[in-house]
Amino acid sequence: MKKKKEFAVIGLGRFGGSICRELSNLGMEVMAIDTDEDRVNEFANIASHAVIADSTDEMVLKSLGIRNFDHVIVAIGDNLQASILTTLILKELGVKNITVKAQNDHHEKVLRKIGADQIVHPERDMGVRIANNIASNSVLDYLELSDEHSIVEIIANDKLIGHTIIDLDIRAKYGINIVAIKRGKEIIVSPRANEIIKEEDILIVIGADVDLDRYENYLS
Ligand code: ADP
């Protein structure tokens, strides 16, 4: 039988705590580590093991057998020194996969230098996503086709109105395709290249999410 993946989460604040809970919900083996006794107690019944430990102490990490974990997440909040030192020790001990929460761009730079495998900025990234969602007034609706592909309805704006499809050249520029145009009650399926986009047209566009996002950013 395939061995269950083993994770260790260092730092049980909002971010690390949330990762720990979710991994446990997913049925993974998780060791929860924090210097704060109350935080550790909170996770005693959630994680597979919860231990009070200072991750900047190499001997402590060694004695926990940290090297044998498949993936270690460093979610130490404001203490950059502790976060960097912990990552360095994990790296030196030969941990294969290390994800670290970065507090700012300088922190990220250092983490990259010392070899963190993934660096995440949860607050910044979530802020960007939410801002994009609330700012986008071009997308009316979308249908998820897979994890990575969607069909979206885009309302024609000044950047589109009066142009032909060939003129917009979005297949070459963005790798996405206009599959239909809704014009009032009419639906033009597979519009021709010389079709001119009119005011109030709704374009039905298919493509990879990353490409659709790029296009929406261009339109907004
Ligand atoms: P968040 O912003 O995700 O809520 P916090 O700053 O509240 O993050 O939480 C960070 C956690 O990391 C705290 O629970 C803190 O006790 C823990 N922590 C800080 N330094 C260490 C360390 N050297 N070893 C283990 N845990 C630590």
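This is a predicted model: local features need pLDDT of at least 70, side-chain atom pairs count only at pLDDT 80 or more; totals for chains, interfaces and linings use all residues.
View 1. Helices (H or I, at least four residues) and strands (E, at least two) are DSSP runs, numbered from the N terminus. Of the 220 residues, 28% count as buried; a residue is buried if 20 or more other C-beta atoms lie within 10 Å of its own, exposed if 12 or fewer, and partly exposed in between, with C-beta atoms placed from the backbone. Among contacts between residues at least 6 apart in sequence, 54% join residues at least 24 apart. Two residues are in contact if their C-beta atoms, placed from the backbone, lie within 7 Å.

**View 2. An open sheet of 6 strands, in the order β3-β2-β1-β4-β5-β6.** The pairing is parallel, and two strands pair if DSSP finds at least two bridges between them. At the edges you will find β3 (49-52) and β6 (118-120), each of which pairs on one side only. Neighbouring strands of this sheet are turned by 15 degrees against each other on average, direction ignored. Axes here are lines fitted to C-alpha atoms, for helices over the stretch in contact, and angles run from 0 to 180 degrees between N-to-C directions.

**View 3. Strand β1 and its partners β2 and β4.** On one pairing, 4 bridges join β1 (residues 6-10) to the parallel strand β4 (residues 71-74), and I10 has V74 as its bridge partner there. With β2, the parallel pairing runs over 5 bridges; V9 stands opposite A32, while A8 has M31 as its bridge partner. Because 4 of its 5 residues are buried, β1 is largely enclosed by the rest of the structure. From β1 the chain crosses through α1 to β2, a right-handed β-α-β crossover: with the strands pointing away from the viewer, the path from the first strand over the helix to the second runs clockwise. Helix α4 (residues 80-92) lies across β1, β4 and β5 (98-101), running at about 175 degrees to β5.

**View 4. The shell of 21 residues around the ligand.** G11, G13, R14, F15 and G77 come nearest, where a residue is near a molecule if its C-beta atom, placed from the backbone, lies within 6 Å of it. Two or more residues come from each of α1 (14-25) and β2 (29-34), and α1 gives the most, with 3. The shell divides into 7 nonpolar, 8 polar and 6 charged residues; Ala, Val, Leu, Ile, Met, Phe, Trp, Tyr, Cys and Pro count as nonpolar, Asp, Glu, Lys and Arg as charged, and the others, Gly among them, as polar.

**View 5. I170 in helix α8 (residues 170-174).** I170 is partly exposed, with 19 other C-beta atoms within 10 Å. Leaving aside neighbours within four places in sequence, I170 is in contact with I176 and Y215.

Definitions and conventions:
Residues are numbered from 1 along each chain as its sequence is written.
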